[in-house]
Amino acid sequence: MTAPDITPTRPIRLGEIAHARSGDKGNHANIAVLAYTDEGYAILRRFLTAERVAQYFASLQPSKVERYEVPNVRGLNFVLYDVLDGGASRSLRSDSQGKALAVALLQMTLTLPSDVNPERCRRSAPTNPERFPPSVPNPVRRENTKANIESQEPV
Amino acid sequence: MRRIRIGNGCGFWGDNLDAPVRLVRDGQLDYLTLEYLAELTMSILAIQKQKNPTLGYATDFLDVLRSLMPLLRQQTQLKIVTNAGGMNPLGCARAARDLLRHHQLDDWRIAVVQGDDLMPRLNELLEEGHLLHHLDTGEPLTAVRERVVSANVYLGAKPIVEALKQGARLVITGRVADVSLTVGPAAYEFGWGFGAADFDRLAAATVAGHLIECGAQVTGGLWIHADEQTRLEEVGYPIAEIAEDGTFVITKPAGSGGIVNEETVSEQLLYEVADPRAYYTPDVVVDFTSVQLEDQGSNVVTIRGASGVTATDTYKVSIAYRDGYMAAGTLVIVGPQAVSKAQLSGRILLERLRQAGWTYQRSYVEVLGAGDAVPGVWPQGYEPPEVVLRVAVHDPRREAVERFTREFAPLVTSGFAGTTGYTTGRPPVREVLSFWPALIAKSAVTPQVELLP
């Protein structure tokens, strides 16, 4: 294996530099990914390719993924074809309308090369990390907070 | 410059029943729009109408209208435009008229927009060569003709303008493009035409209509950063304040919950959009990449610069056909290795049915809590303390699906330790009405506007 010609820096989660929304059109889904800054939009255009998104959602077996650029809102619009198990009327899946795809895509890890500074890509209005009221105390749940789950090694 | 305020109090049939009252009370509206028809709502309404010819419209609208009565007396400027008519706009209008009269609002002129329903002449259209090919697969409609329950054109804004010209205060339509509920009032109020000179203004009103058509989705609903402070429990429904030149703002009633900012508007701008440079409507094709958003703060976002080009010579047609039956049931599996146990329980359920002679055209096992809502995407390898097992089947035979619904309860005693959650009885069986999108030449369709006597 040859060494990569760019040095990866730390990976970032797509959700750190962009927000998103998804929905359905028949058996197809669209996911709009919107960068917080111009620098972030440049990163999206460079790294968030249609191929990358198709690979990320490979388990949904898209027949095709198209990407449209929407520069006026620093957005990329992805159309994922045939991913909804027949669509709202006949899908056997819980997410028959693709509503969950946006938040799922924002969990994608982007590994940025060293010439990219992700600090310029973040939202200017910082979000409070503890935005939601604490969940009802529950010893079992406490084992499974989102932070714990993400830091856990696979069992 | 003159401006009109159009508020949308309903984004789909089943939306919050109290939202229209709050929006009218606090929104200083000129127009209230109410959008009830999702892609398959028409087919459900068609079946209701088959059973009872006086039904077939969104009955929620009457509850909303009833709740608005005291406000309608005070707000003599307000007009209402809604697609609540569904498969029976005339029936809906008659019921609305009776209700208005009952509340001494006899002077309300009601107009009905029809002509969208192709079912009465479907065979004739097919014979004339309107083959209504499936937009994705290219198959002609004859493949499922015998099973078709509804076929409706998405009409545009022109008949709504005509209804308003005739003095209607309440316009009830069947299937129209959702955005037309907004484009119609704007075009009427400002005297816009539908020619090339007006494309950009029609495009602007189309963007406005697109932004408000899903109700609270532009005022904080689904917003990635919504939290407790967003006060979604009293979320305000959206208002488009449109100026004569097509510039508009998106906002919400003062004091309401939710939020309107550049993020909520840009997320909704691309909601359920394919190619943003070509958003097709019956009246104009809009370039969504042309609009400029400016966040003014205080829940006001200005949108300008919309551009549009001439519409195509076809209408979109939404067709639904009977496609068998489906049901989905759930159980809760608790304890160590809940995910594995749930997966195996799902297989056991289907295997028992197979041994009893029942196999299904399609079946699916999901374990919710293990990442299956977006299968194969979330990181695997943690052990949730409990999961929801969900099994769904689809089959042409109703009796096969009925039999499936009886296979959940036995697992509570004959499944694994920690199997529970059988709390709501057998899951319901529902008829599947599959969606068949198509196009039809505009020349084959005649929109009709009728004032109710």
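Mentor: One definition first: domain bounds here come from an automatic or database domain assignment. Also, this is a predicted model.

Trainee: Fine. Which domains does chain B have?

Mentor: Domain 1 of chain B covers 3-116 + 154-312. Domain 2 of chain B covers 320-433.

Trainee: How many Å apart are the C-alpha centres of those two domains of chain B?

Mentor: The C-alpha centres of domain 1 and domain 2 of chain B lie 39 Å apart.

Trainee: Switching to chain A. How many helices and strands in chain A?

Mentor: Five helices and six strands. Along the sequence of chain A, the pattern reads β-β-β-α-α-β-β-α-β-α-α.

Trainee: What percentage of chain A is buried?

Mentor: Of the 155 residues in chain A, 39% are buried. As for contacts in chain A with a separation of 6 or more, 62% are between residues 24 or more positions apart.

Trainee: What order do the strands of the four-stranded sheet in chain A take?

Mentor: The order is β2-β3-β5-β4 of chain A. The sheet is open and the pairing is antiparallel. β2 and β4 of chain A are the edge strands, and each pairs on one side only. From one strand to the next, the twist averages 15 degrees.

Trainee: Zoom in on β4(A) and β5(A). How many bridges do they pair over?

Mentor: Seven bridges, in the antiparallel sense. Take Y68(A): its bridge partner in β5(A) is N77(A).

Trainee: And which helix packs on that sheet of chain A?

Mentor: Helix α1 of chain A, residues 38-47. Helix α1 of chain A touches β2, β3, β4 and β5 of chain A. The direction of α1 makes about 140 degrees with that of β3(A).

Trainee: Now the interface. How many residues of chain A are in contact with chain B?

Mentor: 42 residues of chain A, facing 50 residues of chain B. Elements giving two or more residues to this side of chain A are β2 (18-25), β3 (28-35), β4 (64-70), β5 (75-81) and α3 (101-105).

Trainee: Which one gives the largest share of that side of chain A?

Mentor: β2(A), with six residues.

Trainee: What classes of residue make up the side of chain A that touches chain B?

Mentor: 21 are nonpolar, 14 are polar and seven are charged.

Trainee: Next, the largest nonpolar core. Which of its residues touch the most other members?

Mentor: I31(A), V33(A), L105(A), V171(B), V207(B) and I319(B). The core holds 176 residues. Strand β14 of chain B, residues 314-334, gives the largest share, 11 residues. Domain 1 and domain 2 of chain B each supply at least three residues to this core.

Trainee: Stay with V33(A). What does V33(A) touch?

Mentor: Leaving out residues up to four places away in sequence, V33(A) touches A18(A), A20(A), L44(A), L48(A), G75(A), L76(A) and L105(A).

Trainee: Back to chain B. How many residues of α7(B) are buried?

Mentor: Nine of 11, so mostly covered. Helix α7 of chain B spans residues 180-190. Among the buried ones are L181(B), V183(B), P185(B) and Y188(B).

Trainee: What do the buried residues of α7(B) pack against?

Mentor: Several elements of chain B, including β1 (3-8), β2 (31-34), α6 (158-165) and α8 (199-212). Just after α7(B), G191(B) takes a positive phi of about 65 degrees.

Trainee: What about E189(B): buried or partly exposed?

Mentor: Partly exposed. E189(B) has 19 other C-beta atoms within 10 Å, and a buried residue needs 20 or more. E189(B) sits in helix α7 of chain B. From E189(B) to I4(B), the C-alpha to C-alpha distance is 7.9 Å. In sequence, E189(B) and I4(B) are 185 residues apart.

Trainee: Last one. What order has the three-stranded sheet in chain B?

Mentor: β9-β10-β13 of chain B, an open sheet with antiparallel pairing. β9 (279-280) and β13 (307-310) of chain B each have a single partner strand, so one side of each has no neighbour in the sheet.

Trainee: How many bridges join β9(B) to β10 of chain B?

Mentor: Two, and the strands run antiparallel. Y280(B) has V285(B) as its bridge partner in β10(B).

Trainee: Which helix lies across β10 and β13 of chain B?

Mentor: α8(B), running at about 115 degrees to β13(B).

Technical notes:
Residues are numbered from 1 along each chain as its sequence is written. Chains are lettered from A and ligands numbered from 1 in the order in which they are written. This is a predicted model: local features need pLDDT of at least 70, side-chain atom pairs count only at pLDDT 80 or more; totals for chains, interfaces and linings use all residues. Two residues are in contact if their C-beta atoms, placed from the backbone, lie within 7 Å. Ala, Val, Leu, Ile, Met, Phe, Trp, Tyr, Cys and Pro count as nonpolar, Asp, Glu, Lys and Arg as charged, and the others, Gly among them, as polar. A residue is buried if 20 or more other C-beta atoms lie within 10 Å of its own, exposed if 12 or fewer, and partly exposed in between; C-beta atoms are placed from the backbone. Two strands pair if DSSP finds at least two bridges between them. Axes are lines fitted to C-alpha atoms, for helices over the stretch in contact, and angles run from 0 to 180 degrees between N-to-C directions. A nonpolar core is a set of buried Ala, Val, Leu, Ile, Met, Phe, Trp, Tyr and Cys residues joined through C-beta atoms within 7 Å.
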